[in-house]
Amino acid sequence: MAKKKSANEAQNASKPITNLKDFFIDGLKDIYWAENALVKTIPKMLEQATDQKLKTAFKDHLAQTKMQVERLEKVFESMGVKPEGKKCLAMEGIIKEGEEIMEETAPGPVRDAGIIASAQKVEHYEIATYGTLAAFAKTLNERAALDLLLKTLGEEKKSDSLLSSIADTNLNSQAVDGKLQSKDLNAV
């Protein structure tokens, strides 16, 4: 038995996107949904994290993500388009995977390492998305949108770098046995 399509799916199926501007707006709706989903997800990651640097990074990133949502609303506004989200299947999957990791790991360094891995998947997706959307904005001569998207792209790259730094500053070593390991390999 065939699954019945929603009205939105049926409309999209009968009306393919035929120009870059519409594809750009569709991408904006996708990342707008994703950022709003992250505003709801980051507090869960913050609650599950045990490393203080990681907790601080999530607190800061939550505030930053809320600003990125507002920035996306400005992008829509600059183009005369109502801000609305379209479910981002990629982000939905990354979030579900992260939730699974938190459920399957004990509190402590292993869970923290898993949370960082999940968060970096988010950052890499966002970096790819904002980079692509910025390229579209440039091609479409949407200068205001381009400037806003590039600001967010820079923030996402810094967030990814910070997560790598936290993982590399002994957290991954602690996760080896679930306890603190010496950084000095000759000390053992």
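This is a predicted model: local features need pLDDT of at least 70, side-chain atom pairs count only at pLDDT 80 or more; totals for chains, interfaces and linings use all residues.

Let us begin with the empty space. Rolling a probe the size of a water molecule over the atoms shows where empty space is left. Here the structure holds 1 cavity of 30 Å³ or more, and the volume of the largest cavity is about 70 Å³. Its lining is made up of L38, T41, M45, I94, I95, G98, E99, M102, I115, S118, A119 and V122. Helix 2 (20–48), helix 4 (89–104) and helix 5 (109–139) are the elements that each give two or more residues to that lining. Helix 4 has the largest share, with 5 residues. Using the definition above, the lining divides into 8 nonpolar residues, 3 polar and 1 charged.

Now to the packing of side chains. In soluble globular proteins, nonpolar side chains tend to be buried together. The largest nonpolar core in this model has 44 residues, and F24, L28, L54, F58 and L149 are those with the most contacts inside it. Two or more residues of this core come from each of helix 2, helix 3, helix 4, helix 5 and helix 6 (143–177). Helix 2 gives the most, with 11 residues. For one example, look at L28: leaving aside neighbours within four places in sequence, L28 is in contact with L72, V75, F76, M79, L133 and L149.

Finally, the aromatic rings. A pair of aromatic rings is described by the distance of the centres and the angle of the planes. Searching the whole structure gives 2 aromatic pairs. In one of them, the ring centres of F23 and F136 are 5.7 Å apart and the planes stand at 55 degrees, so this pair is tilted. Because F23 lies in helix 2 and F136 in helix 5, the pair ties together parts that are 113 residues apart in sequence. F23 is partly exposed, at a relative accessible area of 45%, whereas F136 is buried, at 18%. Y32 and F76 also form an aromatic pair, an edge-to-face one with 5.5 Å from centre to centre and 80 degrees between the planes. Y32 belongs to helix 2 and F76 to helix 3 (residues 52–78), so this pair ties together parts that are 44 residues apart in sequence. Both Y32 and F76 are buried, and F76 is also one of the contacts of L28.

Definitions and conventions:
Residues are numbered from 1 along each chain as its sequence is written. Side-chain values use heavy atoms; hydrogens and water are left out. On a 1 Å grid over the protein atoms alone, a cavity is a set of points where a 1.4 Å probe fits but cannot get out, and a pocket is an open set with protein on both sides within 12 Å along at least five of seven lines; lining residues have an atom within 4 Å of a point. Grid points are joined across faces, edges and corners, and a volume is the space filled by probe spheres set on the points. Helices (H or I, at least four residues) and strands (E, at least two) are DSSP runs, numbered from the N terminus. Ala, Val, Leu, Ile, Met, Phe, Trp, Tyr, Cys and Pro count as nonpolar, Asp, Glu, Lys and Arg as charged, and the others, Gly among them, as polar. Rings of Phe, Tyr and Trp (its six-membered ring) pair if their centres lie within 6.5 Å; planes under 30 degrees apart count as stacked, over 60 as edge-to-face and the rest as tilted. Buried means under 20% relative accessible area, exposed over 50%, partly exposed in between (1.4 Å probe, protein chains only). A nonpolar core is a set of buried Ala, Val, Leu, Ile, Met, Phe, Trp, Tyr and Cys residues joined through side-chain atoms within 4.5 Å. Contact means heavy atoms within 4.5 Å.
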